[in-house]
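Today I opened a new model and made some notes as I looked around. Here they are, in the order I wrote them.

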Amino acid sequence: MIYRPRRLRTDEVIRGMVRETRMSPDSLVYPMFVVEGENIKEEIPSMPGQYRYSIDRMDEILEEIEQAGVKSVMLFGIPQHKDEVGSGAYSHEGIVQCALRHAKQSHPKLYLIADLCMCEYTSHGHCGILHGEKIDNDETLSYLQKIAVAQAEAGADMIAPSDMMDGRVAAIREALDANGFSDLPIMSYSVKFASAFYEPFRDAADSAPAFGDRKSYQMDFHNRREALKEAMLDVEEGADIVMVKPAMVYGDLIREVKDHTNIPVAAYSVSGEYAMIKATAAAGFINEERIMCELAVGAYRAGADIYITYFAKELAECMKRGLIG
Ligand code: PBG
């Protein structure tokens, strides 16, 4: 026998030496929810272990995140007041703007990514400006510009548009540049599917659409070539990082985007992925830590440079312990 692949699997040392996928906590991003009000830390029922924090209590989680060695968080805001145009998303006193200012002060070393979308702020729960039941793409762009500038002024280190309107990366880039933020990067949710995996998030952020669904703007998950089209368009429009979302069962597209672009690729392991692991582990059917690790490695192996996950803290610990990476 000439080839014996098992030779390189003999023990921990040689397996570590020939390992093809290397990860570091540097590449992890922790998504978190900030809610208006005071003294709030409430668990999200469909996402055990994840909480909504009011600003006066968000330092607790920022502390934990930093301690774990995670360097970046992505902020989602849950406003008390919603309206037709999602004004809370761009108001100077909007929840995310307040949270950004607070976090910048209390944890200056943390890298703050602002998710940019209207669905948490609109009374109808859609990610744009409505005329009747139709979203006006181009009118929405001017709102996205306002939100981006407000987030930048509040101290965001990166803007991450998740609305899926056409032309939004170029529009946001233009607005940021015009307002003195030409150094602020954009991470675009480029390949974002209309996915059932977001359900727990909508519960968490109270952002489910009041009617219809998001299929006229989020992608059809049957499509692979279109994923590439979306990613390439965002690259042309000036995105600094492209994202594929969800991550689980979208490894083929992470790879596709990775092979056809020359900018970093992020993968977002979304709420439904988290909820599935949590629930199955709670039932005793799987080992939570090992499944979490395997899922993460799968995304990196597919080509992710950045991994956005509710398990960021736990994964950082596993990487430090040498369980993966
Ligand atoms: C906002 C947004 C959503 C998610 C991230 N940004 C929900 C949606 O598009 O309905 C989902 C994140 C998750 O499920 O963890 N548009």
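**Around helix 4**

I started just past the end of helix 4, where G155 takes a positive phi of about 115°. A reminder to myself: this is a predicted model, where local features need pLDDT of at least 70 and side-chain atom pairs count only at pLDDT 80 or more, while totals for chains, interfaces and linings use all residues. Residues are numbered from 1 along each chain as its sequence is written, and side-chain values use heavy atoms, leaving out hydrogens and water.

At the N-terminal end I found the cap: D136 has a side-chain oxygen 3.3 Å from the backbone nitrogen of D138.

Is helix 4 mostly covered or mostly open? I noted that 13 of its 18 residues are buried (under 20% relative accessible area, with a 1.4 Å probe and protein chains only).

**M74**

Which residues does M74 touch? Leaving aside residues up to four places away in sequence, I listed V29, Y30, P31, M32, I113, D115, A160, M187, Y189, Y268 and I308 (contact means heavy atoms within 4.5 Å).

Notes
Buried < 20%, exposed > 50% of the residue type's maximum accessible area, 1.4 Å probe, protein only. Helix = DSSP H or I, 4+ residues; strand = E, 2+ residues; numbered from the N terminus. Polar contact = N/O pair within 3.5 Å; in protein donor to acceptor, adjacent residues only side chain to side chain.
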